[in-house]
Every structure is written in C-alpha cells, then in structure tokens.
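Please study the sequence and the structure shown below.

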Amino acid sequence: MVSALMDQTAKSQGARVMKKTVFIVDDHPLLRQGLALLINREQDLTVCGEAEEAHTAMREIAAKNPDILIADISLNGPDGLDLLKNLRMLYPNLPVLILSMHDESVYAERSLRARANGYIMKQEATEKVLVAVRRILNGEVYLSERMSNKMLQQYIGGAPSMIQSRIASLSDRELEVFRMIGEGRGTREIAEELHLSIKTVETYQAHIKEKLALRSGRELIQHAIQWKIGE
C-alpha cells in the first residue's frame, strides 16, 4: 500500500516536472487572465509569469526562464516587435508566439523576420492558442492557414499590390506610428506612449508620407484611418 502511494506520488511529481512553462506579455489584464486560465487547465502546460510591458517582461523572463513566450504586439512603451528583437539578442532560442489584433498580412511577416516562431490573431478561437503553443514547442512554426497560403502564393510568384508594397516599405517603428495615427492618436500622445520626443515622431511621420507618396498630414491621417478600418 505504502509502495503504491509512493509510486503514485512520484508519477504526480513527474507530471509536474514535465509541464512546459509559458510566460505571457499583454497590457490587457483580462486577456492575460483568460490565457492563464486556458493554459493552466492543460496537463502539459503552466503559466510561470505575466507582464504588461516590455521592460518588466525582460526582467521577469530572466528570473523565470520560461519554455515559451506569448507576447502581444501592442504594448505600452516598446511594442512586441521591439521586445522580440531585444529577446533575440539575449535568448536566441526562446520560442516566441506573437499574439495580436492587427492584420496578419502586415504583421505576421514582420514578426517572422524578427524571428518569432508563430503569429496568431486574437480573433481566432482560443483553442488555437494551445495548438500554436504545442506546435512551436515541437519545433514548428505556426501561422493561420490563410496566412500560410498567402505566403506560399507570394513565394511562387504572386506580386503584392501597390499599397501592400508601400506599407511593407515602412520600418517597424514607422508602421507602429502609422497604426497609432489610424487609431486617432495625436503626435504628442504617440510620443508619450512610445517614450519618444515630439520631433522624433514628426520625423517618422515625414518618412511615412514620403514612402506612401502622401502630400500632407491630412492625407496621412485619412490613409491611416482607412488602413486601420481595413484591418
């Protein structure tokens, strides 16, 4: 009887040891809680930590040493792509799944170029997060079927549209500023959220206008809003 109980305890401890640890970075507490509840129900996964912004995440990741990171692109301060680039300098082999509400046709490729292991939109069924996490932990890359097909078509010779080409020419920071303009944010607000000077944000805006062939700040706002609605 005692031997059977010891065996059962050992198996239980073994199961806990075998769990893969997940760290979540998102500035929405409810979303973090929802993901944590979803993940912690699984026998092979457990959430080892959470953060709402990049600086805290970097400190906590060093302490917690997770098996995989789930990070939102839209964070206060440095965004998810900035976090990913910083992570790659310190933890080149840490698997990262990017979670976002933004159009995957624009952000998924950028995420992969920054060496993310997968990209999933928040609108997708929550169960797909678990599928994505397990595939990535298995050494695979996760993209939606739609995005995988699109990238395959581009690879075999499909040409992107003019507007897609112009949007693709924006740097990651320029795209972030463009997105925030589309959300109705003013120059000062963008500067404060990104911890940049107003002059720096104005320089980004000038580069965006040049790359998108826009003649005025008014056109920039109109195009940014139209693009944001299109997302």
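The model is predicted, with pLDDT of at least 70 needed for local features and 80 or more for side-chain atom pairs, while totals for chains, interfaces and linings use all residues. Residues are numbered from 1 along each chain as its sequence is written, and side-chain values use heavy atoms, without hydrogens and water.

**Exercise 1.** Determine which residues of helix α3 are buried (under 20% relative accessible area, 1.4 Å probe, protein chains only) and where they lie.

*Solution.* Step 1: α3 spans residues 54–64, and its buried residues are Ala54, Ala57, Met58 and Ile61. Step 2: these lie on the same side of α3, because they cover an arc of only 100° around the axis. Step 3: in an α-helix there are 3.6 residues a turn, so residues three or four places apart point the same way. Step 4: the face turned away from the buried side carries Arg59 and Ala63, which are exposed (over 50%). Step 5: the cover over the buried residues includes β1, β2, β3 and α4.

**Exercise 2.** Describe how helices α9 and α10 pack.

*Solution.* Step 1: the angle between α9 (residues 172–182) and α10 (residues 187–194) is about 130°, and their axes are 10 Å apart. Step 3: Arg173, Glu176, Val177, Met180 and Ile181 of α9 are in contact (heavy atoms within 4.5 Å) with Ile190, Glu193 and Leu194 of α10. Step 4: the residues of this contact comprise five nonpolar, no polar and three charged.

Technical notes:
Axes fitted to C-alpha atoms, helices over the stretch in contact; angles between N-to-C directions. Helix = DSSP H or I, 4+ residues; strand = E, 2+ residues; numbered from the N terminus. Nonpolar A, V, L, I, M, F, W, Y, C, P; charged D, E, K, R; others polar. Arc of directions from axis to C-beta.
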